[in-house]
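Reader: Could you take me through the metal site here, and then the charged side-chain contacts? I'd like to know where each partner sits along the chain and how accessible it is.

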Amino acid sequence: MSDIPNIPNEKKPTPKSIVLTSHPSSNVGAKPLPLEWGAADPAQRGPVVATLKNPGGKNAIGTHSGAYSLYRALAIAAGQLKAEHKPDLTNTAPAEPLGPFPQWADPEKIVSIDPWGHITSQVFAKQINAGWDIRPTIAVTKAHINMPELHDAVRAGRLKPDGNILAANGDVKVTKVAIEPVWYLPGVAKRFNISETELRRGLFEQTGGMFPELVTRGDLKVFLPPIGGMTVYLFGDITKLGKPATRIACRIHDECNGSDVFGSDICTCRPYLAHGIEVCIEEAQQGGVGVIVYNRKEGRALGEVTKFLVYNARKRQEMGDRAETYFQRTECVAGVQDMRFQELMPDILHWLGISRIDRLVSMSNMKFEPIVASGIQVVERVPIPDELIPADARVEMDAKKAAGYFTDKVPDQDELKKAKGRGLEE
Ligand SMILES: [Zn+2]
């Protein structure tokens, strides 16, 4: 390990010894910083620290910023960022207070988010003032959004500008929350009904041994995975969150860049997202709170390369793109139909203090079931209106309805056999 690869650069760094995080003599120390997951008092819970050189030590495997931690590593390797840079967190506190809620004090209700992640500078001010490097894993800010679909909804008379939540020019006031995943390993293992050892081993081996501490430091219970997190868009008065009387409209949306951003028409993602936002605005205008959770789980968490390979396989198969083989084509390429693991998804709802969703804008049982199983009541499920489904997305919609999506019209066998998707050359 003493060999530093040859860098053809005049600014060649002076070789330093590599710190093996898996060994007790490393910067983790023989004893990690105390952490009591689920403790109601943040001082007792303790900060989640994954920064590599913190004077008080650390207690988490991995590092901050999710997938972007690799870019930070690159910036440091390229000499553009000092490894010891500590963020100045002046004025970065949440734009609106959020929580605490009783759910934060249940170690099993929330296992993939640090509930105190947005107020670290407040609740751990003493340590930060003493020079510790404790980073927020959540940020809360405010914004205006504006989408052409909402203008359509106003024109069609479904939405009415109120001059506050929805302005006449289509601007919508939102509070938006960015969240990086923080996994409490014993809790995550329990959600999947596997042992913590099995979970740690899988994460270690299947990432090319990226985090040795997963298998050598069983005393480090928290892992910051190098994956995308989520963004929550909140509509209405968020101080009403956590109150049983508050009506909640909600859509849990998994990222689909092609449709969400570029308007690609092979699926219903953007139309359904826009419909979810419309329902959220409606609810907020009537005094409730609207919640859009946007998870970075591109292509059912299979990634976009796999997704596009599947599109080709669907469109090139004999008899064309049709609902009856929709899931099969995904399974041929990916080995499974889906990797989104909705088991962890309800955490965000508990973090927001939600115990009842009055209007769930989703037809997916894969989302509905874990929400209900986690103890949240769902009053009404709102399907996507038929007129919002793009023509090329009929294949997806029929396949999902046939597979048990929440609907009043299940397509029959003949319907599923029909090629409805465009060919590749069209
Ligand atoms: Zn999509």
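Author: Let's start with Cys269, which counts as buried because its relative accessible area is 17%; buried means under 20%, exposed over 50%, and partly exposed in between, computed with a 1.4 Å probe on protein chains only. Please keep in mind that this is a predicted model, in which local features need pLDDT of at least 70 and side-chain atom pairs count only at pLDDT 80 or more, while totals for chains, interfaces and linings use all residues. Residues are numbered from 1 along each chain as its sequence is written, and side-chain values use heavy atoms, leaving out hydrogens and water.

Through its SG atom, Cys269 coordinates the zinc ion together with the SG atoms of Cys256 and Cys267, at 2.1 to 2.2 Å. Donors here are N, O and S atoms within 2.8 Å of the metal (3.2 Å for Na, K and Ca), and since water is not among the atoms, sites may look incomplete. Along the sequence, the zinc donors follow the spacing C-x10-C-x1-C. Cys256 sits in the loop between β7 (248-254) and α9 (257-260), whereas Cys269 belongs to helix α10 (residues 269-285), so that the pair, 13 residues apart, links distant parts of the chain. These elements are DSSP runs numbered from the N terminus: helices are H or I with at least four residues, strands E with at least two. Cys256 is buried too, at 4% relative accessibility.

Glu283 is buried at 3%, while Arg247 is partly exposed at 38%.

By that rule there are 29 salt bridges. One of them joins Lys190 and Glu108, with 2.7 Å between the closest N and O atoms. Because Lys190 lies in helix α6 (residues 185-191) and Glu108 in the loop between α2 (69-77) and α3 (120-123), this pair ties together parts 82 residues apart in sequence. Glu108 is partly exposed, at 48%.

Glu396 and Lys400 meet at 3.8 Å, N to O. Both belong to helix α16 (residues 394-402), 4 residues apart, about one turn of the helix, and both are buried. Finally, a network of salt bridges links Asp265, Arg314, Lys315, Asp321, Asp392 and Arg422.

Methods:
Salt bridge = Lys/Arg side-chain N within 4 Å of Asp/Glu carboxyl O.
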